[in-house]
Structure formats: structure tokens, C-alpha cells
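Keep the 3D view open and follow each element as it is named.

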Amino acid sequence: MSITVNDVMNLPVMERVKVKTKDICLEEKVIEWVAVIETPVEHFVRKNEFVLSSAIECEDDPLLLESFVRDVIQSGASALGLATGRHLYTIPDRVVQLANENNVVILEIPWDLQFSDILQVVIKEIENERQSERERAESARQALIDCVLKGQGLDDICRTVYDFIGIPFAIADQMKTIRASQHFSQELLDLFNDEQSSSTITALHRHTLREDHPLYHSLSEFRFSDDNYFQLEITNNHKTQGYLLFQPEKPEQLTWFVMNVLEHALTASALYFVKENAVEMTHIRFKDNFLLDLAKKDTPMSTRLISKAELLGYDLECPYLCIVGDIVYPEDQEANIFNDKPSSSSLHSMNYYIQKEMTNASSILGRNVLATFDEGEIIVFLEAEKETYSKIANQLLDMIERRLHEFIAGTELSWGISMHKDGMFTFHDSYQEAKTALDIGIQQHGTGSRTFFDDTKINRLLMTLSDQSEIVHIVKDTLQPLIENDRKRQTDLIHTFVVYNKRKGNVTQTAKELNLHRQSLLHRLRKIESLTGLSLVDADDAFLLELSVRLWMLRKIK
């Protein structure tokens, strides 16, 4: 909110005032206030001020006058008007030269022209300009809010801001994707979009210009090559939602009015992103609920269901395999990196990230994909043919795991995969089978496994047996002594037997895998025999113990 020296010189009261300095553009010298001051200057002159002085203390001392002028210049004043004809008859050439060198305007004011007359008209002019800029800023605020309320986009917000401030302007989302721009350097926009190239953009110290505006403290300046641009973060609830970018030719263009318009642009952009995120979250919830119903409910396929899927962007009339995943994050990062609370933006959630990666990977494979999350469980339906479904599933999971390991090291992913029959309209059955494969894989091999339902036939056979009461009674009688011993003595005799059986009774290999001395292992094996009453060298006894352990482990699954 300011006028220029040229505006002041065009006022009738300034008709007899002479400009002593040369080669200084009066239209570029901004005046924000006017004041009368004599020596000493100290801190009484502020930036962009029009200073009036009679130089009464410098009447017979040209060096003192020069020192006074230098102090005014160092205070950041735009112009200095010196009254001549009584205490000061002429303005020394050295003073004029000093002002020229520092780009400060020196005015010669006749002694009979009262300062009060100048003060009155200049202050009135400043107040009129301020009122005009306040009205323009209010018009900008209303126009920007209308953009949001009327459902207009970021292009309209960007265009409105540019129309008011005339400075190249752009808006980016929190992923640093440019969403709208007006006359902004395309080279800088490309660099801003490119995470690798953005390292060539250098952050600069903030200017002292406009420090009195509250928005100044949020302002950042960057440089690439010979181009500078400024940046403001768009925030909501202390979370970054995007960025405003603007590229003035010089920092002096960031006047109070421009800063006010930018402040209103921040509000309008924040409202837009809140609205966009709410719409996106609602759309994601609709899609998630649809897929969860498709997977977990045995819903009959119908024309209505297929049409509903099409509205959500899904094609159900393709064969699909099902993948169910479980993710284990590193303990030191699990709590604070991913937050899937409803209050957080979907753009910040791990759900959104994995679904995005699933979509990208499936597009590379040229396949349709349906993906969702449910209480930490990843559910994916991927278009595939029965003959090649295992190959397609492995290709997708290889890409996903590679990306997730790059994103956060130490992540362990377990997967269960199934394609029920030919995969046509078998979403619920395929999900149930993939879920079973995941559980069996984790139980048998631990986290990080990838298990196909077709490879779990023996386990599923055992699961069927484990439901019979007589079988349960036999398993309990056989293993109860081992379970009680492991619980009381903190041993792991059941695991010892599992490894021993896997190594086909080879004591040396078993001891090596368990990291035990050979004699310690033999002691454990004798303990197993004594507690169960079974001989490990007897084929029937060994089969009964192996069957009991497998059934017990499968019952733990259920």
C-alpha cells in the first residue's frame, strides 16, 4: 500500500519543488510514509519513507549535513526533501552525488513552502492509496473464495491471482505436482516437478523486504541458474497440502497488497485441497467398501453389481486372481511413518501409496487391478488367465516389493495367492483361498513368504482332519507333555522335532540349523521320546508325532 515519488511530485503543492538527483526513476521509488526530522537520525527513519528536513543543525557544517544525509540513506528512505533559503541556501554537490550513488531522491524545497502543507497532502494521498488497495485486496479475497464456493478449479484460482498481482504464479499439490500456472517459467516448473533435478534449486536467505507483513515469516526464496522464485506452503491443521510459487522480477514487487492477495490465495487453495481430499476420501471409501463386500461376502453376481462396479472404474467381467498380503514394518518406523487414521489425508496413508503402486505395476503389465486395505490386510484382484496366473502374480509382487523396500527398508511382506476355478466371478472364493494360503504360509515359513493356494493341498487336508473330535483328542494326548514342558522350562522341543523331521533325522544338519551342540540335540531328542512315549526311529511313532505336530500347528491357524 504505497505511492511513488513521481506521484508526490505531481501533486499541486509540489509545483515549486525541484529534483536535484539525476538518473533515478521516480516511479520506482516507493513512499509508504512521510515525516519531518532533524539530526540525529538514529532509528527514527524507516524504510521507504519520504523525509522532510530544514537541516537546521547543519547550517554552517557541510560535513555534518553530509553525515545526516548518509544516515537517512542508510535508514532506507526513498526521498529526502531539504528546505533551502534560510539555514541551508544550496544543496552541496557532494550531497547530491552521495544520493545519486545510493539511488535516493534529493528534493529542493523553497523555504516558504510549509512542511505541514506537504505532510497534509502526502498523508492524504497515502491514505487514499491504502484505502484503494484495501478495497482491491477485499475484491481479490471475494473473487478467490467465489472460485472455491462455485466449484471452480485451481486454474481459476491461479488466473484470478495473476489478474490481481500481475506476477507469474503457479500452484502445486503436496506431491509437488504443478496443478495450475500463469506465465511461470516452464523450466522452473519442470525442475520443481522432477525430484532428482530439484536438487539443483538452491534455497536462499529471506529478504528483509516486507518484514512487517505476517506472511513474510513463511516466505522462502529459491534460485536456479539466474532465475529466482518465491514459495509459500499451503497448510491445513499443520499439514502441508501444497505450495504457491510466484516469480516477481524483483523483490520490491512483493508489496503489502501483493502479500495480502497471496494470503487470500493460500486460504482459497487450502479450501480447494480440503474439498478435493474430502471428495477423494469419499470416493476411496466407496471403492474400498465395494471391494471388501466383493471379497468377504458371497454376493451373487448381477447386472446391477456389474454396473455399480463400472461407475467406480472397475470391470468385473474379466478373470481375476486374488492376492492377500500382510505387511510387517520395522519396529522403529511402524508407529510414526504411516498413519491411517480417518483424520489424515488419504494422500499421506500407506493404503493410498500401495494402491497407487499396485495401479502403476498393473498398468505396466497391461492388466486391470482392484486393490484395497482392511485392518492392515492388503486385498488385490488382478486380471489374469488360469494358465499363467502364477507368473502374472509373481511379476506384480516383484515390482511391488522392490518399490516398498526402496520406500522403507526392512519391510517384510507375506502374500497368499489363489485363482478359484477360471477366475470368472469368483471374488469371494478366490479371497477365501488366498487368505488361507497367506495364513498357512506365515505359519509354516514365517513372514516374507509367498504362498499359492494350489501348493497347500496337504495342509488343507490336515485342516479338514483337525476338525474331528477324536483326532483332536489324539493330538492333545500326544503333544500335551511337550507343550507343558516347553511352557514350564522355556524350551522348544516341538520346534526341535520339526527341524529334526525336516532334516530327515540327520542329527548333524539338525544341530547346525538349531545352533546346538550335537550332545545337546541328542538330549532333547531323548527328552521328546521320554515325554511322548514314542520312538523317533519307529516309522509309525514318528508319523504319529509328525501328524500331531502338523495338526496342532494348523489348529493354531484357526
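The model is a predicted one. For residues 7-126, an unreviewed UniProt entry lists "domain: Purine catabolism PurC-like".

The whole chain is divided into four domains: domain 1 (5-126), domain 2 (151-276), domain 3 (297-452) and domain 4 (468-554). Taken over C-alpha atoms, the centres of domain 1 and domain 3 are separated by 74 Å.

**The sheet with S2 and S4**

Five strands make an open sheet in the order S2-S7-S6-S5-S4. Its pairing is mixed. Strand S2 (18-19) and strand S4 (33-36) are the edge strands, and each pairs on one side only. Further in, strand S5 (residues 49-53) and strand S6 (residues 79-84) run parallel, joined by four bridges. Look for Leu52: its bridge partner in S6 is Gly81. Helix H2 (residues 62-74) packs on this sheet. H2 touches S5, S6 and strand S7 (105-110), and its direction makes about 155° with that of S6.

**Helices side by side**

Two packed helices are described by the angle between their axes and the distance between the axes.

| Helix pair | Angle | Distance between axes |
|---|---|---|
| H4 (residues 115-149) and H5 | about 170° | 9 Å |
| H5 (residues 154-165) and H7 (residues 256-296) | about 175° | 10 Å |

How do H4 and H5 run, roughly parallel or roughly antiparallel? Their angle of about 170° makes H4 roughly antiparallel to H5. From H4, the contact uses Arg136, Ser139, Ala140, Ala143, Leu144, Cys147 and Val148. From H5, it uses Asp156, Ile157, Thr160, Val161 and Phe164. These residues divide into eight nonpolar, two polar and two charged.

Now take H5 with H7. Their axes are at about 175°, which makes H5 roughly antiparallel to H7. H5 brings Leu154, Ile157, Val161, Phe164 and Ile165 to this contact. H7 brings several residues, among them Phe257, Val258, Leu262, Ser269 and Phe273. Which kinds of residue make up the contact of H5 with H7? They divide into 13 nonpolar, one polar and no charged.

**The sheet with S15 and S18**

Another open sheet has five strands in the order S15-S16-S14-S17-S18, again with mixed pairing. Strand S15 (369-374) and strand S18 (450-452) stand at its edges. Each has a single partner strand, so one side of each is left without a neighbour in the sheet. Neighbouring strands here are turned by 15° against each other on average, direction ignored.

S15 pairs with strand S16 (residues 377-383) in the antiparallel sense, over six bridges. Within that pair, Thr372 has Ile379 in S16 as its bridge partner.

Two helices lie across strands of this sheet. H7 lies across S15 and S16 and runs at about 90° to S15. Helix H12 (residues 427-445) lies across strand S14 (320-328), S16, strand S17 (412-418) and S18. H12 runs at about 35° to S14.

**Residues 493-550**

For residues 493-550, UniProt lists "domain: PucR C-terminal helix-turn-helix" in an unreviewed entry. In the model, this span is 78% helix and 0% strand. Its end C-alpha atoms lie 14 Å apart.

Notes:
Residues are numbered from 1 along each chain as its sequence is written. This is a predicted model: local features need pLDDT of at least 70, side-chain atom pairs count only at pLDDT 80 or more; totals for chains, interfaces and linings use all residues. Side-chain values use heavy atoms; hydrogens and water are left out. Domain bounds come from an automatic or database domain assignment. UniProt positions are given in the numbering used here, feature names are shortened, and annotations may be inferred rather than shown by experiment. Axes are lines fitted to C-alpha atoms, for helices over the stretch in contact, and angles run from 0 to 180 degrees between N-to-C directions. Angles under 35 degrees count as roughly parallel, over 145 as roughly antiparallel, 65 to 115 as roughly perpendicular and the rest as oblique. Contact means heavy atoms within 4.5 Å. Ala, Val, Leu, Ile, Met, Phe, Trp, Tyr, Cys and Pro count as nonpolar, Asp, Glu, Lys and Arg as charged, and the others, Gly among them, as polar. Two strands pair if DSSP finds at least two bridges between them.
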